[in-house]
Amino acid sequence: MLEEYDRRVIIPGSRSVNATTIPYNLSKYRKLGRYVIAISQALVTMGRLPHTNAADKWVQELYWPLWKALKAFGILQGAGAQINNQTPQGIRIDSFELHPLDGTLQRCQACAYIMNDALFQVCLRCGQRTNAVSTSSLQNFYRRSALYALPNSFFDDPYPLRAIEHSAQIEKHEARDIERWFQDMFHDDQHPNDYRVDVLSVTTTMEMGIDIGSLLSVGLRNVPPNVASYQQRAGRAGRRGSAIATVLTFAQARSHDQYYFNHPPEIVSHPPRVPALYLHNEVIARRHVRSLILQSFFYELFRIQQSSGLFNAWGKIGDITRYQAISKLRRYLAVNREPLLTRCMKVIHPVFTTQLKRWMKELADEVEQVVSRSEEKDSLLEQLIGAGLLPKYAFPVDVVSLSMPPSERSSFKFNGDESSGDDTMARDLKIALAEYAPGAEVIRGSFPHTYVYRSVGVVFTNK
Ligand SMILES: [Zn+2]
C-alpha cells in the first residue's frame, strides 16, 4: 500500500543511515529524545528525581529498556532486510485506528496541541505543560465533521464547507440568492443544509454596496493595490461585534505583494492616500462646460415653451427635432455669449480660458451629431452621457459588457428558474480587453449548470 519512500524505519544509532531510516536515540536533536527529556524534567519537578544530573542519568539508562519495551509491546515490529547488522523496526499502518474521544482531554498550554492523555501533563509535541479540557468545550471543524459521520448522528450527512462564486459572471438575481443564503436567510421550502453558503469567493466588485453581513474571516488572494482598498476589503471582517475576526492576505511572488509582505504596516495601517482632483484634465473640464451651458439653455427653453414636464431631463431626441432645439441652442449661444463665458470661466482652470470660445462654438455641432445618430425615443441626456460629452458620477466607470442574444438568455437556467431579461456580464475595461475579445471563452455557473460562452464580436456604441 505504502510507497517505498513513505516507509520509514527506525534503527538504534546516532544518525540516519539513509533517507528512509530514523535513528533511535534520546538526544535533544530528536523529537522522541526531547519528549523523554521533558518527562525527566517533570520527574525532577515532582521530586521523584533529586536533581538535573539524575535526570540526565535517567534518560541515558532508559535507552535500551525503552527500545526493548517498544518491541515487546508490538508497537515496533521488524520491517525489512538488515541494515548495519540490525533489523530495522517500523509501526504497521494497520495498527492505527481512529476513535471519537469523549470526556476529558489534555491541551498544551504552550502550543494548544490536543492529546488523549499526557504522561505527567507533558505535551507530546513540545514538552510544555498541558491542562485538562472537556471535549465539549473544543471547537474543531474536523472533530465536528467526524461526529456528523458517526452512525446515529443527529445530522443526515457530514457536509463539507460550501464555497460559492460571487462575481460579475453571476446573474444578478442569482447573486442576490447567494447573498441571502450566505447570511443564513432561507425561504420556508429551503433547508439550510441544502442551501447554506459557508464561503463566498468574490471579486473586487464586492467592495461597493453589497450587503453580505459581517464576516468571521476575509482571505485575500493577493495584496490589494493600496491602503484604501486593503482597508475596504479587510474591513468586511468583524463588524457588528463578532468576537474574533481574521484577515489573511496571500502575498504572491511579484514585486508589489512581496514589498508589502516585508512592510505589512504600510498596507494595513498607513493613512490612505487623499483623493486628488486633477484640474488640468481637458476632457473633464470640457464636459463640465457643456453641462453648464446645456443646463442653462434647457432651463431657458423650458421657461419659454411653458410645456411643463416636456423637457424634464432634457426630453427625447424626437422632442429636440420637433422643437428645433439645435438651432435655438445656436441662437442662445450667440445671444448669451459673454455671460456664459464669464460663468464657464468660474468652473474651469485658467489654463483653458483660451480654448473656451472654441468649445462653445463647437457645442451645438457636437449635440447635433449625437441627435442625428440617435433614435426618436432615446433620451437626449442619456445619449449625451453615453457619447462621453457630459460628466458622469456612476461607479465603476470604464466597464465593458458581454451581451447575450435573447434566445441564449431564455435557455439559461439556474436552479430551475428562468433567468430574467437583465442578463449581461460586465468587466473592467482592462480585463475585458482579454476576457471578452472575440474568440475568448467565458465560463459561467457552477457544476452541473456550467455554461461556456464564446465572444463572437464587438459592438461599437456611440462613443
Ligand atoms: Zn505543546
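In this predicted model, helix H13 covers residues 353-372. At 1.5 Å a residue, its 20 residues should span 28 Å. The end C-alpha atoms lie 30 Å apart, which agrees with that expectation. Helix H13 also has a kink of about 35 degrees, centred on Glu362. Three residues of H13, Leu363, Ala364 and Val367, are buried. An α-helix has 3.6 residues a turn, so residues three or four places apart point the same way.

Helix H13 also meets helix H12, which runs over residues 337-347. Two packed helices are described by the angle between their axes and the distance between the axes. The axes of H12 and H13 come within 11 Å and cross at roughly 130 degrees. H12 is therefore oblique to H13. The crossing of the two helices is right-handed. On the H12 side, the contact is made by Leu340, Leu341, Cys344 and Met345. On the H13 side, Thr353, Leu356 and Met360 make the contact.

Most residues other than glycine have a negative phi. Asn84 is not a glycine, yet its phi is positive, at about 50 degrees. Asn85 is not a glycine either, and its phi is positive at about 65 degrees. Asn84 sits in the loop between strand S3 (77-78) and strand S4 (89-90). Asn85 is likewise found in the loop between S3 and S4. Asn84 has 10 other C-beta atoms within 10 Å, so Asn84 is exposed. Asn85 has 6 other C-beta atoms within 10 Å, and Asn85 is therefore exposed. The cut-off for an exposed residue is 12 or fewer such atoms.

How values were computed:
Residues are numbered from 1 along each chain as its sequence is written. This is a predicted model: local features need pLDDT of at least 70, side-chain atom pairs count only at pLDDT 80 or more; totals for chains, interfaces and linings use all residues. Helices (H or I, at least four residues) and strands (E, at least two) are DSSP runs, numbered from the N terminus. The expected span of a helix is 1.5 Å times one less than its number of residues. The bend at a residue is the angle between axes fitted to the seven residues ending there and the seven starting there. A residue is buried if 20 or more other C-beta atoms lie within 10 Å of its own, exposed if 12 or fewer, and partly exposed in between; C-beta atoms are placed from the backbone. Axes are lines fitted to C-alpha atoms, for helices over the stretch in contact, and angles run from 0 to 180 degrees between N-to-C directions. Angles under 35 degrees count as roughly parallel, over 145 as roughly antiparallel, 65 to 115 as roughly perpendicular and the rest as oblique. A crossing is left-handed if the near helix is turned anticlockwise from the far one by less than a right angle, and right-handed if clockwise. Two residues are in contact if their C-beta atoms, placed from the backbone, lie within 7 Å.
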